[in-house]
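Thanks for coming. I have one model to go through today, and I will keep to what can be computed from its atoms. Please have a look at it before I start.

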Amino acid sequence: MVKGFLFHYIDFFVDTLSGAKRLLYLYHKRYSTPKPQRKACFMHPTKNDMPLKTRTEVISLLAPLLADAIALKLQTKQAHWNVKGENFIAMHELFDKVAAEVEDAADMIAERIVQLGGEAKGTAHAVAKQSRLLEYPYTIANGEKHVFALSSAIAAFNENGREGIDKTDEAGDAITTDMLTGIVRGLDKQMWFVESHLKETEQKSQRKAG
Ligand SMILES: [Fe+2]
């Protein structure tokens, strides 16, 4: 009888101890791990009269495009810094002009996201996570190769931009559609400048590949 009571008491003590340990574990987990990140599309209050659904949809379209624009700006600088060859000065200067235009585009996209109540995520970590552009080749130096790589990157950005134009139009945000139209129009022109540095033979092989 006394023995049974003793075992029961020990069991109760062990249970209580493991319960307390569990509580301690939960407490530790709650206060020692970083708070979970905010949702992908956290919205700030704004008097902008567009419906929340439209603004949220447009922001989710603009977020990866912002990452693409920042990645493209860096890729353009990569070309500007590393290009070598007979047309060095012309290409070096042209690539810097393209970089300036892409930087303006990134700025407009980021500010539009914030105007709509969202948060612009433009850090290196966010860009690495969200950009859909392929990595720029590091080892090239020849001007023709930079022209090919950079025009391919601009073309990929513009493809995503054109998709953004259609989708923001469908979503009913004419202002963002207009902004993206202006951005893609400008970068189509920059791509023309870049591609014009391709020699005729390269242009022919591009036509064949296309
Ligand atoms: Fe420079």
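First, the ground rules. This is a predicted model, in which local features need pLDDT of at least 70 and side-chain atom pairs count only at pLDDT 80 or more, while totals for chains, interfaces and linings use all residues. Residues are numbered from 1 along each chain as its sequence is written, and side-chain values use heavy atoms, with hydrogens and water left out.

Now the fold. The protein chain has seven helices and zero strands, where helices (H or I, at least four residues) and strands (E, at least two) are DSSP runs, numbered from the N terminus. Along the sequence the pattern reads α-α-α-α-α-α-α. Of the 210 residues, 36% count as buried. Buried here means under 20% relative accessible area, exposed means over 50%, and partly exposed is in between, with a 1.4 Å probe and protein chains only.

Next, the helix pairs. How do H2 and H3 pack? The axes of H2 and helix H3 (residues 88-115) are 8 Å apart, at an angle of about 160°. That makes H2 roughly antiparallel to H3. For the terms: axes are lines fitted to C-alpha atoms, for helices over the stretch in contact, and angles run from 0 to 180 degrees between N-to-C directions. Angles under 35 degrees count as roughly parallel, over 145 as roughly antiparallel, 65 to 115 as roughly perpendicular, and the rest as oblique. The crossing of H2 past H3 is left-handed, meaning that the near helix is turned anticlockwise from the far one by less than a right angle; clockwise would be right-handed. By class, the contact of H2 with H3 has 17 nonpolar, three polar and five charged residues. In this scheme Ala, Val, Leu, Ile, Met, Phe, Trp, Tyr, Cys and Pro are nonpolar, Asp, Glu, Lys and Arg are charged, and the others, Gly among them, are polar.

The other pair is helix H5 (residues 143-171) and helix H6 (residues 174-195), whose axes come within 9 Å and cross at roughly 160°. H5 and H6 are therefore roughly antiparallel to each other. By class, their contact has 12 nonpolar, eight polar and four charged residues. H5 passes H6 in a left-handed crossing.

Ser151 lies in helix H5 and, at 4% relative accessibility, counts as buried. Its C-alpha is 8.5 Å from that of Trp192, 41 residues away along the chain. Arg162 is also in helix H5, but at 38% relative accessibility Arg162 counts as partly exposed. Arg162 and Thr177 are 15 residues apart in sequence and 9.4 Å apart, C-alpha to C-alpha.

Is Asp173 buried or exposed? Asp173 sits in the loop between H5 and H6, and at 1% relative accessibility Asp173 counts as buried. Phe95 and Val194 are 99 residues apart along the chain, and their C-alpha atoms are separated by 7.8 Å.

Of the 15 residues that line the second largest pocket, the closest to its centre are Ala71, Leu74, Gln75, Glu135 and Tyr138. A pocket is an open set of points on a 1 Å grid over the protein atoms alone, where a 1.4 Å probe fits, with protein on both sides within 12 Å along at least five of seven lines; lining residues have an atom within 4 Å of a point.

Helix H2 (52-82) and helix H4 (124-130) each supply at least two residues of the lining. By class, the lining divides into 11 nonpolar, three polar and one charged.
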